[in-house]
Amino acid sequence: MSGIHRRLQDVEPRMDHREAQALFLALADDDLPAPKALEVRTHLDGCEDCRQGWQRYASTVKRLQGVAREKAPPALATMVLSRVRRKRRFGLRGLHAMHMNHRLPVEILIPLLLAAAVAAFLVLAAP
Amino acid sequence: MASGGVLEIGQEGAAAADATESRRQDAALLVRLRRGEPDAFEQLVRTHQDRLYDFCVRMLGDREEAHDLVQEIFVSVHQNVRRFREDSKLSTWLFRITRNHCINRLKYLKRRGRGRSEVYDEATALFTEGGGTAPGPDAALESARERARVQWAISQLEPDARMLVALRDIEGLSYDEIIDITELPEGTVKSRLHRAREKLADLLGRLEP
């Protein structure tokens, strides 16, 4: 038994299963400080269930990291650019510009909208 | 295994230099975008389209939907680029917009009654044809099957968990970036990701012979 192992057993209580499993994320990310990583590895050496759990966990992370990426379809950029052009021509920006250039005062706009609504109602209600 | 793990001193310096260079390029591109240069927007689309498309496929599990959504996302980016405050990397901001669009699209699809089971038909068919068998001689086919198996497993997760797996394990983003994108505390990100990985390990384990 190495000096480090002996010190861990003498000073700190042995790591339990739950604690070891909770550290799988950090272990997979290589984010654990060396003494803590050693503690987890020591637990895994002596616990078959946790070792199997770790192997499943680590191989899953590896599979996710190695899975082939989806590539965007070749025409995507062209389609985006044409959508943007269409939007610029007919979109809200156009409406906004129109509103800025031909702004009607509210006291005219509201009666006009009301009149249009009444007219629409009469047309729809007509036999 | 880790993409955000402990770096050697030399690597740290190189990573910092890369980050500075990337920031400088982002800033230059943003200046051109704000001037309304069409070439700049095309460059932005071509630089980020693959990553955003891949993320959308992971989230939605449907290439057609992802194709449509990525176009919408870039249109939205085009309209809002002037509002970007440069408080994060450009790619982080793009992922934040993409995440919001994906969540909205998933809600819309749910309302329309398009659940997961319909969405992942293609993937399911692919891995059930040859799933659980030894790898065939055709490496491309095996790679496609592996992709389908992984995608099927990811599709079984809740959208929040799916997002964390896609951002961390597939896109390889750092926790800082993920926190920025998801606006979740670090502890929540890590505990949800841990549970998601455990569930994936379980699901993928069931597909083994």
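This is a predicted model: local features need pLDDT of at least 70, side-chain atom pairs count only at pLDDT 80 or more; totals for chains, interfaces and linings use all residues.
The buried residues of the helix are Glu39(A), Val40(A), His43(A) and Leu44(A). Viewed down the axis of H4(A), these buried residues fall within an arc of 135 degrees, so they line one face of the helix.

Helix H4 of chain A covers residues 34-46, which is 13 residues. From its first C-alpha to its last, the helix reaches 19 Å, close to the 18 Å expected at 1.5 Å a residue.

## Chain A as a whole

Chain A contains 8 helices and 0 strands. Along the sequence, its elements follow the pattern α-α-α-α-α-α-α-α. Of the 127 residues in chain A, 18% are buried. Among the contacts in chain A with a separation of 6 or more, 58% are made by residues 24 or more positions apart.

## Chain B as a whole

Chain B has 10 helices and 0 strands. From the N terminus on, its elements run α-α-α-α-α-α-α-α-α-α. Buried residues account for 33% of the 209 residues in chain B. For contacts in chain B with a separation of 6 or more, residues 24 or more positions apart supply 65%.

## Two residues with a positive phi

Most residues other than glycine have a negative phi. Asp30(A) is not a glycine, yet its phi is positive, at about 55 degrees. Asp30(A) is found in the loop between helix H3 (24-28) and H4 of chain A. Asp30(A) has 14 other C-beta atoms within 10 Å, and it is therefore classed as partly exposed.

In chain B, Glu86(B) also is not a glycine and has a positive phi, of about 60 degrees. Glu86(B) is placed in the loop between H3 and helix H4 (90-111) of chain B.

## A buried glycine in a loop of chain B

Gly61(B) lies in the loop between H2 and H3 of chain B. The cut-off for a buried residue is 20 or more other C-beta atoms within 10 Å. Because Gly61(B) has 23 C-beta neighbours inside 10 Å, it counts as buried.

Gly61(B) can also be compared in position with Trp152(B). The two residues are 91 residues apart in sequence, while their C-alpha atoms are 8.2 Å apart in space.

## Where the two chains touch

The contact between the chains takes 36 residues from chain B and 30 residues from chain A. On the side of chain B that touches chain A, the elements giving two or more residues are helices H2 (38-60), H3 (63-80), H7 (139-155), H8 (159-170) and H10 (186-207) of chain B. By class, this side of chain B has 17 nonpolar, 9 polar and 10 charged residues.

How values were computed. Residues are numbered from 1 along each chain as its sequence is written. Chains are lettered from A and ligands numbered from 1 in the order in which they are written. Two residues are in contact if their C-beta atoms, placed from the backbone, lie within 7 Å. Helices (H or I, at least four residues) and strands (E, at least two) are DSSP runs, numbered from the N terminus. Ala, Val, Leu, Ile, Met, Phe, Trp, Tyr, Cys and Pro count as nonpolar, Asp, Glu, Lys and Arg as charged, and the others, Gly among them, as polar. The expected span of a helix is 1.5 Å times one less than its number of residues. A residue is buried if 20 or more other C-beta atoms lie within 10 Å of its own, exposed if 12 or fewer, and partly exposed in between; C-beta atoms are placed from the backbone. The arc is that of the directions from the helix axis to the C-beta atoms.
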